[in-house]
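Keep the 3D view open while you read.

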Amino acid sequence: QVRLVESGGGLVRAGSSLRLTCAASGLTLSNIAMGWFRQAPGEEREVVAAITRSGGRTYYEDSVKGRFTISRDNPWNKLWLQMNSLKPEDTAVYYCAASRPAPGGVYYRNSSEYEFWGQGTQVTVSS
């Protein structure tokens, strides 16, 4: 059974940092592209960052470029999102996602490319 479990969210002040962790089980991460998405109240779910199965290529949504870093450790079945210089507009539920088996060098920005999802972790940034 595939499970993705996010942790590391919380309530912080603007300018602070958080590190989200996604612990995966039931799948072989080295075959799979992964991503972080977020959804704010009343908004659609949007991609924040994505990473190829080897971790060699990454994608960032424009508003988080230079502030967020996505990384992974396949042997340890972990995915991270380091979030620095947080802003109130980063407030959302953050979700970890894993794709179907993916070719090398490919990351996905569209949620429809992801097969497995975590339950989400709340990030709240106060001004």
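Predicted model: local features only at pLDDT ≥ 70, side-chain atom pairs only at ≥ 80, totals over all residues.

Which residues does the disulfide join? The link runs from Cys22 to Cys96, with 2.0 Å from S to S. That falls inside the cut-off, since a disulfide is a pair of cysteine sulfur atoms within 2.5 Å. Cys22 sits in strand β3 (residues 18–25) and Cys96 in strand β9 (residues 92–101), so the link ties together parts that are 74 residues apart in sequence. The angle about the S-S bond is -65 degrees, and the link of Cys22 and Cys96 is left-handed.

Are the two cysteines buried or exposed? Cys22 has a relative accessible area of 1%, so it counts as buried. Cys96 is buried as well, with a value of 0%.

## The sheet around β3

Strands of a sheet pair through backbone hydrogen bonds, and they can do so in a parallel or an antiparallel way. Here, 4 strands make an open sheet in the order β1-β3-β8-β7, with antiparallel pairing.

Zoom in on β1 and β3: they pair in the antiparallel sense over 5 bridges. Glu6 has Cys22 in β3 as its bridge partner, and Cys22 is also one end of the disulfide.

Next, have a look at β5. This strand (residues 46–51) is mostly covered, as 5 of its 6 residues are buried.

| Strand pair | Bridges | Opposite residues |
|---|---|---|
| β4 and β5, antiparallel | 5 bridges | Gly35 and Ala50 |
| β5 and β6, antiparallel | 3 bridges | Ile51 and Thr58 |

The hairpin of β4 and β5 has 6 residues between the strands, and Gly42 takes a positive phi near 80 degrees there. In the hairpin of β5 and β6, also with 6 residues between the strands, Gly55 has a positive phi near 85 degrees.

## An arginine with two partners

Back in β4 (residues 32–39), find Arg38. Its relative accessibility is 6%, and buried means under 20%, so Arg38 counts as buried. Which side chains does Arg38 make polar contacts with? One is that of Glu46, at 2.7 Å. Another is the side chain of Tyr94, joined to that of Arg38 by a polar contact of 2.9 Å.

## Two loop residues with positive phi

Asn77 has a phi near 55 degrees and belongs to the loop between β7 and β8 (78–83). Its relative accessible area is 22%, so Asn77 is partly exposed.

Ser85, with phi near 50 degrees, is in the loop between β8 and β9. At 41% relative accessibility, Ser85 is partly exposed too.

Notes
Residues numbered from 1 in each chain as written. Heavy atoms only, no water. Buried < 20%, exposed > 50% of the residue type's maximum accessible area, 1.4 Å probe, protein only. Polar contact = N/O pair within 3.5 Å; in protein donor to acceptor, adjacent residues only side chain to side chain. Pairing = 2+ DSSP bridges.
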